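The following is a walk through a predicted model.

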Amino acid sequence: MIYKLTVALLLVLVGALCHAAETNTIPLELTDSLSGEPVADAVVILEDGPSEPPVEAEIVQKNRNFYPHTLIIPKHSRVDFPNQDNTQHHVYSFSPAKAFNIELYAGRPTEPVVFNKTGVVEIGCNIHDHMQAFILITDSAPSGRTDEQGRLTVEIPPSVDDDSGKIELLVWHPRLTDNTRMARFTIEQPSSGSLELSVELSPEPASDDRLDGLQERFREL
């Protein structure tokens, strides 16, 4: 009888510990503070969340555009910038998180660029002003991106879910009025329902795919 009681108590204790160690989830809804419309494709990062090791990544130049437009990497990752166009590109950034300059080149640069500091790096081409891309360098793995309704389920692991009930979320979108940094929110976890956040977005940029005469001549070579 004592043995059975001890086993039962142990099972209850283990169950309680497992429950305490379960990952919490918070439904997030993100809207534009000016229009009230949902914000799709926003990157959400849980501060002090699980980390990831550095990676090797690429941002390709093709058809006078960068692919991907937004790259998310852990700190200390290396990024290559292969040029698949038949024109040369001059890739650069003046961002505080990583300033670099790869002068006119075709093919693949000699060395990848190493990103050792967290933050937002805006990348451009000194030859084609419309070309733009962003690299987000993070300490924590991203929770994901919001869907077309501006929704995302954020997982809160036990290591972040402390007694204060507060968490910090970083949110970034290329149309943030200040897209050189991530918007930071210190919030209390809701006991029920969704967490509603808003950011201010700039208007959609006008697209212009026209080439000037010199660029057209280069493409015909």
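Sorted by class, the residues lining the largest pocket comprise 12 nonpolar, 11 polar and seven charged ones. The volume of this pocket is about 530 Å³. Its lining counts 30 residues, of which A97, G119, V120, T180 and R181 are the closest to the centre. Strand β11 (119-125) is among the elements that supply at least two lining residues, along with β8 and β12; β11 contributes the most, six residues.

The second largest pocket has a volume of about 320 Å³. It is lined by 13 residues, with H69, Q132, F134, P174 and P205 the closest to its centre. Two or more of the lining residues come from each of β5 (65-67) and β12. The class breakdown here is five nonpolar, six polar and two charged residues.

Next, the cores. The largest nonpolar core holds 28 residues, and L169, W172, L197 and V199 touch the most other members. Strands giving two or more residues to this core include β1 (24-32), β12 (132-138) and β17 (195-199). The largest share, five residues, is that of β15. Beyond its neighbours within four places in sequence, V199 contacts L30, T31, D32, S33, V39, V171, L176, A183 and F185. A second, separate core has 21 residues, A57, F81, I123 and I135 among them.

The last stop is H90, in strand β8 (residues 89-95). Is H90 buried or exposed? H90 counts as buried because its relative accessible area is 13%, and the cut-off for buried is under 20%. The side chains of H90 and N101 are joined by a polar contact of 2.6 Å. Apart from neighbours within four places in sequence, the residues in contact with H90 include N101, E103, G124 and N126.

Terms used. Residues numbered from 1 in each chain as written. Predicted model: local features only at pLDDT ≥ 70, side-chain atom pairs only at ≥ 80, totals over all residues. Heavy atoms only, no water. Core = buried A, V, L, I, M, F, W, Y, C linked by side-chain atoms within 4.5 Å. Buried < 20%, exposed > 50% of the residue type's maximum accessible area, 1.4 Å probe, protein only. Helix = DSSP H or I, 4+ residues; strand = E, 2+ residues; numbered from the N terminus. Contact = heavy atoms within 4.5 Å. Polar contact = N/O pair within 3.5 Å; in protein donor to acceptor, adjacent residues only side chain to side chain. 1 Å grid on protein atoms, 1.4 Å probe; cavity = no way out; pocket = protein on both sides within 12 Å on 5 of 7 lines; lining within 4 Å. Points joined across faces, edges and corners; volume = space filled by probe spheres on them. Nonpolar A, V, L, I, M, F, W, Y, C, P; charged D, E, K, R; others polar.
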